[in-house]
Amino acid sequence: MVDSDRIDNLIAAVPPALALRAGLDLGIFTQLGGSAVTADSLGAVLKVEPDRLSRLLYALASIGLLEVKDGQFRNGAEASAFLDASKPTYRGGDHALLRELWGADLLTAESLRQNRPAALHDFSEAGPEAAAAFSRMLAPGGVIFGRHLAQEIDLSAIGSVIDIGGGPGTILVGLRERRPQIAATLMELPTVAAVAPDILSEYGANDVVVEEGDITVAPSNGRHDLAILKAVVQVLPPDQARSSILNAARCLTPGGEIAIAGWGVVDDDRLGPPEGVFLNLTFLNLYRHGESYTEGQYRAWMTEAGLRDISRSRLTDGSTLFRARLTG
């Protein structure tokens, strides 16, 4: 007998996720920290009406992100570990980006009807203000990703790193927390490159070299021991995705390593992993040509670029990481 449990569960999963997003937007988990407070006192700090705030607090408690006792709320174990921005393990740095992505997801049917992205995002056409706003939104998550990447890669032999298409360049900030002596370069399109130095300065990274360039057209001016492509390949049409990897490999010293990362990767059967499959729908609403490419496509492009020892793994943030070395 067929029942509706699968459909009911999918519908029921949406409100808790939106409650989590609201909690991140308001900074509830960070404000709570290790303390227990009432809705009245938290509302006063957040400048929101306590009775209305309590609805969200109880909702967050119902899904285990908060605990409540005698009218006082505190972070649950997971929220304390991963949703408090004062902790190095913070996972909420991309919540502003998440808001953008979820908003775009609501437009999938419209994008298909119109045969164009209903929430088009075009990096090449962004003005200075839009580029600055989007880069600032990406900056906290970039630091966190850099920390995750530093846990995966042996940085001891790396003297120079280039972040290609890295927006504000804050991946380099997180990556170099362990080895500040690594020389760092950010390669970005001119509009984004123009706003990156101010953002990097706010993170104490005035020594990062910012280079204007388009990786789909040509490699960096220099050569580096490590090249990072985070969420770049997936926003490009196939021919430019291929050329971005070929040119990124040309940014490497002999034996240098490339790290290609993002959520936009799917298995060759295109049925998983879920984050890649469903991000592929999101791309319909944001980009004219970007998509979640398959593992086979990535491996073919990397092999063509002269890269060897290609491996695929999953980072602690859930994203996919391809690593390989340039044939020496």
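## Charged pairs and their surroundings

Arg113 and Glu110 form a salt bridge, and their closest N and O atoms are 3.7 Å apart. Please keep in mind that this is a predicted model.

- Arg113 counts as exposed because its relative accessibility is 66%, and the cut-off for exposed is over 50%.
- Glu110 has 32% relative accessibility, so this residue counts as partly exposed.

**Other salt bridges**

- How many salt bridges does the structure hold? The count is 14.
- Another one joins Arg325 to Glu257, with 3.4 Å between the closest N and O atoms.
- Because Arg325 lies in strand S12 (residues 320-326) and Glu257 in strand S8 (residues 252-262), this pair ties together parts that are 68 residues apart in sequence.
- Is Glu257 buried or exposed? Glu257 counts as buried, because its relative accessibility is 4%, and buried means under 20%.

**A nonpolar patch on the surface**

- Look for Leu112, Phe278, Leu281 and Leu284, which form a nonpolar patch on the surface.
- Together, these four residues have about 380 Å² of accessible area.
- Which helix gives the largest share of the patch? Helix H13 (residues 274-286) does, with three residues.
- With 55% relative accessibility, Leu112 counts as exposed.

**An open sheet of three strands**

- Three strands form an open sheet in the order S1-S3-S2, and their pairing is antiparallel.
- Why is one side of S1 and of S2 left without a neighbour in the sheet? Strand S1 (37-38) and strand S2 (66-69) stand at the edges, and each has a single partner strand.
- Four bridges pair S2 with strand S3 (residues 72-75) in the antiparallel sense.
- One place to look is Val68, whose bridge partner in S3 is Phe73.
- Helix H5 (residues 50-62) packs on this sheet and touches S2 and S3. The direction of H5 makes about 110° with that of S2.
- As background, strands of a sheet pair through backbone hydrogen bonds, and they may do so in a parallel or an antiparallel way.

**A parallel pair of strands**

- Strand S4 (residues 160-164) and S5 run parallel, joined by five bridges.
- To find your way in this pair, look for Ile162, which stands opposite Thr185 in S5.
- Strand S5 (residues 183-188) is largely enclosed by the rest of the structure, because five of its six residues are buried.

Conventions:
Residues are numbered from 1 along each chain as its sequence is written. This is a predicted model: local features need pLDDT of at least 70, side-chain atom pairs count only at pLDDT 80 or more; totals for chains, interfaces and linings use all residues. Side-chain values use heavy atoms; hydrogens and water are left out. Patches are made of residues with over 30% relative accessible area and no salt bridge: like charges are joined within 9 Å, nonpolar side chains (Val, Leu, Ile, Met, Phe, Trp, Tyr) within 5 Å. Accessible areas come from the Shrake-Rupley method with a 1.4 Å probe; for residues, only the protein chains shown count as cover. A salt bridge is a side-chain nitrogen of Lys or Arg within 4 Å of a carboxyl oxygen of Asp or Glu. Helices (H or I, at least four residues) and strands (E, at least two) are DSSP runs, numbered from the N terminus. Buried means under 20% relative accessible area, exposed over 50%, partly exposed in between (1.4 Å probe, protein chains only). Two strands pair if DSSP finds at least two bridges between them. Contact means heavy atoms within 4.5 Å. Axes are lines fitted to C-alpha atoms, for helices over the stretch in contact, and angles run from 0 to 180 degrees between N-to-C directions.
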